[in-house]
Amino acid sequence: MIRCESVTYVYQRGTPVETTALADVSLEIRSGEIVGIIGATGSGKSTLVQHFNGLLRPTRGRVYLDDVDIHAREVDRRRLRQQIGLLFQYPEHQLFEETVSADVAFGPRNLGVAGQELDRRVRGALERVGLDPDRFGPRSPFALSNGEMRRVAIAGILAMEPRMLILDEPTAGLDPLSRQEILDHIRRLHDERGLTIVLVSHSMDAVARLCRRLIVMDRGRVVADGAARSVFADPARLAALGLGLPQVTLCAQRLRERGLPVRPDVLTVEEGRAAILEAVAVRARGAS
Ligand SMILES: Nc1ncnc2c1ncn2[C@@H]1O[C@H](COP(=O)(O)OP(=O)(O)O)[C@@H](O)[C@H]1O
Ligand SMILES: [Mg+2]
């Protein structure tokens, strides 16, 4: 669906503070995938995803949507932003309408959607993030909890019916329960509705739980792109990039170091539990 070809991006080019935020990045996001992008602060994650919907234009290189160069003159940029929905970091700073419904309606209304269709979209989008439209629709977005505000912002993008949803640190600054809720809704958007999702995250636990494929960034470059399991199988390399392991993977690897033969590549709590039980059973058989 999206293809970046040798994309380089330089902020404030030609000034003393010039920064190369992306250097020769090539990658593809295929329709129906759920992909995680990880990397230390400043590694270029946010800059990269702003290229996917044409918000930033590569200094060098090209970005294609379905094989069409998104910066070609004939491409309708507004339609592009409708198709490739991008949720910024701390999106609640961009809520501004008097009611939740009006905020969620803002995007589709700008696209010319009105009447019953607009109503249907707003209600549907709120339901998909677990907010009852009758209860939350008439309220002020500023009277909501942080997690609820974040979900309203996601609903605002869903109401535009995008083909791809890009979320830049969607759980940053939230409490554990709100984090879990948002991740569950994201997973459902993918599993039940087949939405293509790109999840930028600091949290190894979050990407391990949701994403089969991970793209790892370091100082503007893609340094790994592959199965989450193989990325987390090399903890020394991740540590060198300033990244850790999901807690459950770390736990399995520590138990292994202490002699319990636990699989070291578990990604979710469920897998970790099964692997530990299995290792304990193996050891008990060996002892008897
Ligand atoms: N608006 C900007 N102006 C100048 N430099 C920027 C701007 N935004 C980001 N950068 C720089 O570009 C690099 C990549 O930043 P960013 O894409 O935000 O990384 P990440 O999202 O991984 O933290 C960093 O060195 C950052 O300081
Ligand atoms: Mg960022």
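Two strands are taken to pair if DSSP finds at least two bridges between them, and helices (H or I, at least four residues) and strands (E, at least two) are DSSP runs numbered from the N terminus. The structure is a predicted model, in which local features need pLDDT of at least 70 and side-chain atom pairs count only at pLDDT 80 or more, while totals for chains, interfaces and linings use all residues. Residues are numbered from 1 along each chain as its sequence is written, and chains are lettered from A and ligands numbered from 1 in the order in which they are written.

On these criteria, strand S9 (residues 213–218) and strand S10 (residues 221–227) pair in the antiparallel sense over six bridges. Arginine 213 has alanine 227 of S10 as its bridge partner. S9 and S10 form a hairpin with two residues between them, and arginine 219 in the turn has a positive phi of about 45°.

The protein as a whole has twelve helices and ten strands. Its radius of gyration, taken over C-alpha atoms, is 21 Å, close to the 19 Å that the globule rule (2.2 Å times the number of residues to the power 0.38) gives for 288 residues, so the protein is as compact as a globular protein of that length. The C-alpha trace spans about 70 × 50 × 35 Å along its principal axes. Of the 288 residues, 36% are buried, that is, have 20 or more other C-beta atoms, placed from the backbone, within 10 Å of their own. Among contacts (C-beta atoms, placed from the backbone, within 7 Å) with a separation of 6 or more, 63% join residues 24 or more positions apart.

The domain assignment, which is automatic or taken from a database, gives domain 1 (2–243) and domain 2 (246–288). The C-alpha centres of domain 1 and domain 2 lie 34 Å apart. Nine residues from domain 1 and seven residues from domain 2 take part in the contact. On the side of domain 1 that touches domain 2, helix H8 (204–210) and helix H9 (228–232) are the elements that give two or more residues, and H8 provides the largest share, four residues. The residues of this side divide into six nonpolar (Ala, Val, Leu, Ile, Met, Phe, Trp, Tyr, Cys and Pro), no polar (the others, Gly among them) and three charged (Asp, Glu, Lys and Arg).

The residues around ligand 1 (C-beta atom, placed from the backbone, within 6 Å) include Tyr11, Gln12, Lys45 and Thr47. Strand S2 (19–29) and helix H1 (45–52) are the elements that give two or more residues to this shell, with the largest share, three residues, coming from H1. By class, the shell around ligand 1 has two nonpolar, nine polar and one charged residues.

Note on methods
Two residues are in contact if their C-beta atoms, placed from the backbone, lie within 7 Å. A residue is buried if 20 or more other C-beta atoms lie within 10 Å of its own, exposed if 12 or fewer, and partly exposed in between; C-beta atoms are placed from the backbone.
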